[in-house]
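Keep the picture open as you read.

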Amino acid sequence: MYQWDFGILWSYRWLFLNGLGVTVGFTVVIVLCGLLFGLLGAFGSLSRFRALRLTALAFIEAFRCTPILVQLIWFYYALPILAGVEMTPITASALALSLYGGSFYSEIIRGGIVSIDRGQSEAGAALGMTPGQTMRRIVLPQAIKRMIPALMNQSIIQFKNTSLVSVLAVPDLVYQSQVAAHDSYRPLETYTAVAVAYAAILIPLTIIVRRGEKRLAVSE
Amino acid sequence: MSETSKNTSKIEIRSLRKSFGSNEVLKNINLDVAKGGVVALIGPSGSGKSTLLRCINLLVVPDGGSVRVGDTRFAFGDGAKLPDVTTLARFRATTGMVFQHFNLFPHMTTLQNVMEGPVTVRRMAKADAETLARAQLAKVGLAEKADQYPATLSGGQKQRVAIARALAMEPDVMLFDEATSALDPELVGEVLSVIQQLASEGMTMVIVTHEIAFAREVADRLIFMRDGIVIEEGPARQVIDNPREAATRAFLSHFHRTGALPPANAVS
């Protein structure tokens, strides 16, 4: 029978905290940048202009249909060779994860926008609003409500995807725990603690979002 | 693009054509609405009456012909440049439209729905817009519903809010697209009496409707359309009581023609 000893992890607490900080910081950056790319991708794919639509579609499918691990390695190793763009592991992984997340956010945002009844935009137009005003004042506020569960879901996946940046030696929680596991010869305790740490952050977040959704639903 | 016309009519439509794909929905339509006039458009579904109405505020962009409302005229067809979005928006701000399915903004209260046009389009100060919006809600008998969301209202109340929302833009012209078709029969009357009140105040209106008795009562002119053309046109009572065309007669025979207005309740 395996003798669990979580006490030993206490001596690595600064390493874990450090890694956790990188993971959380990374998530904030890639979720925000990803939402920006997602917004661009969604509006691009809904554009009146064919060239914009095709560009957005190419971006979405390129990043949605290839594995994130391959993208990470490609951004770090292949881009410098092909395009002469040198990137630090942090920049390369932030960019890859943002674009990857952005491709999924694009589809969520586009789906939310087209799900709003045409009559809503017509009512806006009939009042004399420009298409931009109709989008901002009428369509998006309703669409965002519908997007929130899916956006939250994708952001949870993004949070967990940050664990992949350890392959580029970015010192996130997983990378630091590898260090701790090698040093302590206690991989079971280490990775159990890491799993608990991820869940401990995500579960409260999901509860907050669920409550928020209920409050938003009141006005429907 | 806009020019001043010496014509006294408020709405003037000439040789209007519109096709959706190979389906020609409007074939050379001419229509004049005098200032303060009320025109009812009737006809079977697919006759093009809703499309014609939507061409008046350019929610549907015609393929050919011209549309003039007030002093603003647009020409369409060969060589004519399509108006840009800002020109279109400014033009639509002068016409009010009421839809069959209300199309209220569900994420806003009744008051916010009515304030939206004045605040966003006319750039009115919030306080002024609120005063205006409350006045419009009172006019349609819904002052006490200001802080409720549309989802809590009945169909008739929703449509009256939609009318108040359109009126808050202080339009020159009101367009009604089957405003009572989605309502339960007992709620039709309250909406019709609001429209009738507007008519008596001298609002220029074009009304697409299936309420023949109402059209006879409120409209001064009636247009019967079928298959994208105007079959018959004339004073409302005359066309309904003594239609000249066989097609008009056949269509009107589907309706009870009592001439009585459905009972109005709920409106103060």
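In this predicted model, the rule finds 8 residue pairs in polar contact across the interface of chain B and chain A, with both residues at pLDDT 80 or more. On the side of chain B that touches chain A, the elements giving two or more residues are helix H2 (85–92), strand E6 (95–98) and helix H3 (110–121) of chain B. Among these, H3(B) gives the most, with 4 residues. Sorted by class, that side of chain B has 14 nonpolar, 6 polar and 5 charged residues.

The rule also finds 2 salt bridges across this interface. In one of them, the side chains of A:Glu122 and B:Arg54 meet at 2.9 Å, N to O.

Here are some totals for the interface:

| Item | Value |
|---|---|
| Chain B residues in contact with chain A | 25 residues |
| Chain A residues in contact with chain B | 21 residues |
| Area buried between chain B and chain A | about 1900 Å² |
| Share of that area from carbon and sulfur atoms | 63% |

Now turn to helix H5 (residues 155–167) of chain B. How many of its 13 residues are buried? The count is 12, so H5(B) is largely enclosed by the rest of the structure. The buried ones include B:Gly155, B:Arg160, B:Ile163 and B:Leu167. What do they pack against? Their partners are helix H5 (118–127) of chain A together with E6, H3, helix H4 (126–139), strand E7 (173–177) and helix H6 (185–200) of chain B.

You can check the length of H5(B) too: at 1.5 Å a residue, its 13 residues should span 18 Å, and its end C-alpha atoms are 18 Å apart, which agrees.

Notes
Residues are numbered from 1 along each chain as its sequence is written. Chains are lettered from A and ligands numbered from 1 in the order in which they are written. This is a predicted model: local features need pLDDT of at least 70, side-chain atom pairs count only at pLDDT 80 or more; totals for chains, interfaces and linings use all residues. Side-chain values use heavy atoms; hydrogens and water are left out. Contact means heavy atoms within 4.5 Å. Buried area is the accessible area (1.4 Å probe) that two parts lose on being put together, summed over both. A salt bridge is a side-chain nitrogen of Lys or Arg within 4 Å of a carboxyl oxygen of Asp or Glu. A polar contact is a pair of N or O atoms within 3.5 Å; within protein, one must be able to donate a hydrogen and the other to accept it, and residues adjacent in sequence count only if both atoms are side-chain atoms. Ala, Val, Leu, Ile, Met, Phe, Trp, Tyr, Cys and Pro count as nonpolar, Asp, Glu, Lys and Arg as charged, and the others, Gly among them, as polar. The expected span of a helix is 1.5 Å times one less than its number of residues. Buried means under 20% relative accessible area, exposed over 50%, partly exposed in between (1.4 Å probe, protein chains only).
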